[in-house]
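Colleague: I would like to learn how to read the features of a protein model step by step. Could we go through one together, taking each feature in turn?

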Amino acid sequence: MRDLLSPREKRFLRRLAAGKTDAQIAVKLGGTVEQVAKQRSRLLARLLARRDR
């Protein structure tokens, strides 16, 4: 079975679950706050879209 999330997405999600801000995540994983916000939005939408499966 294929993993739902990539290793990077898993690291990102762990930081979100730990309550880190977009700015803190951007510093740790690289990128800008705006990029992190977009990635967060896409990741959460993807997880919610797959919730019923």
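Colleague: Is Arg46 buried or exposed, or partly exposed?

Modeller: The general idea is a scale of relative accessible area, on which buried means under 20%, exposed means over 50%, and partly exposed lies in between, with a 1.4 Å probe and protein chains only. Arg46 has a relative accessible area of 31%, so this residue is partly exposed. Keep in mind that this is a predicted model, in which local features need pLDDT of at least 70 and side-chain atom pairs count only at pLDDT 80 or more, while totals for chains, interfaces and linings use all residues. Residues are numbered from 1 along each chain as its sequence is written, and side-chain values use heavy atoms, with hydrogens and water left out.

Colleague: Where is the place of Arg46?

Modeller: Helices are DSSP runs of H or I with at least four residues, strands are runs of E with at least two, and both are numbered from the N terminus. Arg46 has its place in helix H3, and the protein chain as a whole has three helices and zero strands.

Colleague: Which side chain does the side chain of Arg46 meet in a salt bridge?

Modeller: In general, side chains of opposite charge can pair when their charged atoms come close. The cut-off for a salt bridge is a side-chain nitrogen of Lys or Arg within 4 Å of a carboxyl oxygen of Asp or Glu. Here the side chain of Arg46 meets that of Glu9, at 2.5 Å from N to O. Because Arg46 lies in helix H3 and Glu9 in helix H1, the pair ties together parts that are 37 residues apart in sequence. Glu9 itself counts as buried, at 17% relative accessibility.

Colleague: How many salt bridges does the structure hold?

Modeller: The structure holds two. Arg40 forms a salt bridge with Asp22, where the closest N and O atoms are 2.8 Å apart. This pair links distant parts of the chain, with Arg40 in helix H3 and Asp22 in helix H2, 18 residues apart. Arg40 counts as partly exposed at 27% relative accessibility, whereas Asp22, at 16%, counts as buried.

Colleague: What does Glu9 touch, not counting residues up to four places away in sequence?

Modeller: Contact means heavy atoms within 4.5 Å, and by that rule Glu9 touches Leu4, Leu43 and Arg46.

Colleague: Which are the buried residues of H1?

Modeller: They are Glu9, Phe12 and Leu16. These residues cover an arc of only 60° around the axis, an arc taken from the directions from the helix axis to the C-beta atoms, and therefore they lie on the same side of H1. The face turned away from that buried side carries the exposed residues Pro7, Arg14 and Ala17.

Colleague: Which residues make up the largest nonpolar core?

Modeller: In soluble globular proteins, nonpolar side chains tend to be buried together. A nonpolar core is a set of buried Ala, Val, Leu, Ile, Met, Phe, Trp, Tyr and Cys residues joined through side-chain atoms within 4.5 Å. The largest one here has eight residues in all, namely Leu5, Phe12, Leu16, Ile25, Ala26, Leu29, Val36 and Leu43. H1, helix H2 (22–29) and helix H3 (33–49) are the elements that give two or more residues to this core, and the largest share, three residues, comes from H2.
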